[in-house]
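Welcome to this guided tour. Please have your viewer open and your selection tool ready, and we will go from stop to stop together.

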Amino acid sequence: MNSGPARPRVGHIQFLNCLPLYWGLVHSGALLDLELTKDTPDRLAEALVAGDLDIGPISLVEYLRHADELVVLPDLAVGSDGPVLSVLLSTAVPLAEVRTVALGSTSRTSVLLARMLLEELHGLTPTYVTMPPDLPLMLREADAAVIIGDVALRETYEAERDGAAHPLGLIDLGAAWRDWSGLPMVFAVWAARRSFADQHPGVVKEVHDAFRAGLDLALGDVAAVAARAARFEVFDPATLARYFTTLDFSLGERQQAGIRAFAARAARRGDVPPLRTMTFAQV
Ligand SMILES: C=C(O[C@@H]1C=C(C(=O)O)C=C[C@H]1O)C(=O)O
């Protein structure tokens, strides 16, 4: 039997932030044409850079570190233009007294954003420790913690529910970035390995089309996506619907300006090489 061409190896962030994309792939049937790997953002970035994945989401900082090996898929990102709800600096002491910060190990971009804000905006010089994303454990070791994804979304909603009784301070880093820079924050983009895109431009276009169409499908029916997702999540449908519509999945001019502003700051600190140009996949 002829083995036929292999399915593209595609990454998927196993956080609620990417559930609308997954819904779209399921409903369009495009999922059948992909070999999908679900994982945390840190591991997906590592796999894409190592060549174990062909296409996938990549934390912005890891993209900036490997921009020469990657091409960006247009019109797709995980970001926010203001509050994001799921990227937090959580504090157990007043901000000015923060001396130690635990950085969640699944994040590359939000942890750097938090460091920039603490050091450059607030003039603090804390010491940092990287830890698994477990907030109570992190705050046992440090005065503050940076968390992303579902863990952070839960903390946002508990803080809203508790009001003044909530024991922790909370800074939404999407909101903090916009206040500081005036721009949207892009936490992750989708990219293909440049060598894969050169060899299989049609496949990259197909995957991009499937993502974009799937996302439009999901965002066009957010109530249904939220209701279905709520069956197996701790969040209620209204909470999920609000989250899915707060996230900014676009990668337009303002989002790209946000990327350039973040990249310039990160490069100035020596955390990433200077960004020359963002090369987009031909789709
Ligand atoms: C908005 C989010 O965006 C993310 C944040 C990332 C990071 O900080 O490195 C990476 C991928 C995205 O999942 C989130 O996870 O809540």
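## First stop: Gly258

Select Gly258 and display what surrounds it: leaving aside neighbours within four places in sequence, Gly258 is in contact with Ser181, Leu183, Pro184, Met185 and Val186. Here, contact means that the C-beta atoms of two residues, placed from the backbone, lie within 7 Å. Before going on, a word about what is on the screen: this is a predicted model, in which local features need pLDDT of at least 70 and side-chain atom pairs count only at pLDDT 80 or more, while totals for chains, interfaces and linings use all residues. Residues are numbered from 1 along each chain as its sequence is written.

Gly258 has its place in helix H12; helices (H or I, at least four residues) and strands (E, at least two) are DSSP runs, numbered from the N terminus. Is Gly258 buried or exposed? Gly258 is buried, with 26 other C-beta atoms within 10 Å. The cut-offs are 20 or more other C-beta atoms within 10 Å of a residue's own for buried, 12 or fewer for exposed, and partly exposed in between, with C-beta atoms placed from the backbone.

## Second stop: the two domains

Colour domain 1 (9–79 + 185–268) and domain 2 (87–181) separately; these bounds come from an automatic or database domain assignment. Taken over C-alpha atoms, the centres of the two domains are separated by 24 Å. Where they meet, 21 residues of domain 1 are in contact with 18 residues of domain 2. On the domain 1 side, helix H2 (41–50), helix H3 (60–65), E10, H11 and helix H12 (253–268) are the elements that give two or more residues. H12 gives the most to this side, with four residues.

Select Leu60, Ala145, Val189, Ala191 and Ala192, which touch the most other members of the 88-residue largest nonpolar core. Such a core is a set of buried Ala, Val, Leu, Ile, Met, Phe, Trp, Tyr and Cys residues joined through C-beta atoms within 7 Å. E10 gives the most to this core, with eight residues. Both domain 1 and domain 2 give residues to the core, so it lies between them. Zoom in on Leu60: leaving aside neighbours within four places in sequence, Leu60 is in contact with Thr109, Val186, Phe187, Ala188, Val189, Ile259 and Phe262.

Which residues come nearest to the ligand? Of the 18 around it, they are Ser59, Ser86, Ser107, Ser110 and Phe187; a residue counts as near if its C-beta atom, placed from the backbone, lies within 6 Å. Helix H4 (109–121), helix H6 (149–162) and strand E10 (185–193) each supply at least two residues of this shell.

## Last stop: helix H1

Select residues 19–28, helix H1: seven of its ten residues are buried, so this helix is largely enclosed by the rest of the structure. The buried ones are Leu19, Pro20, Leu21, Tyr22, Trp23, Gly24 and Leu25. Their cover includes strand E1 (9–13), helix H9 (201–219), helix H10 (222–230) and helix H11 (237–246). Just after H1, look for Gly29, which takes a positive phi of about 85°.
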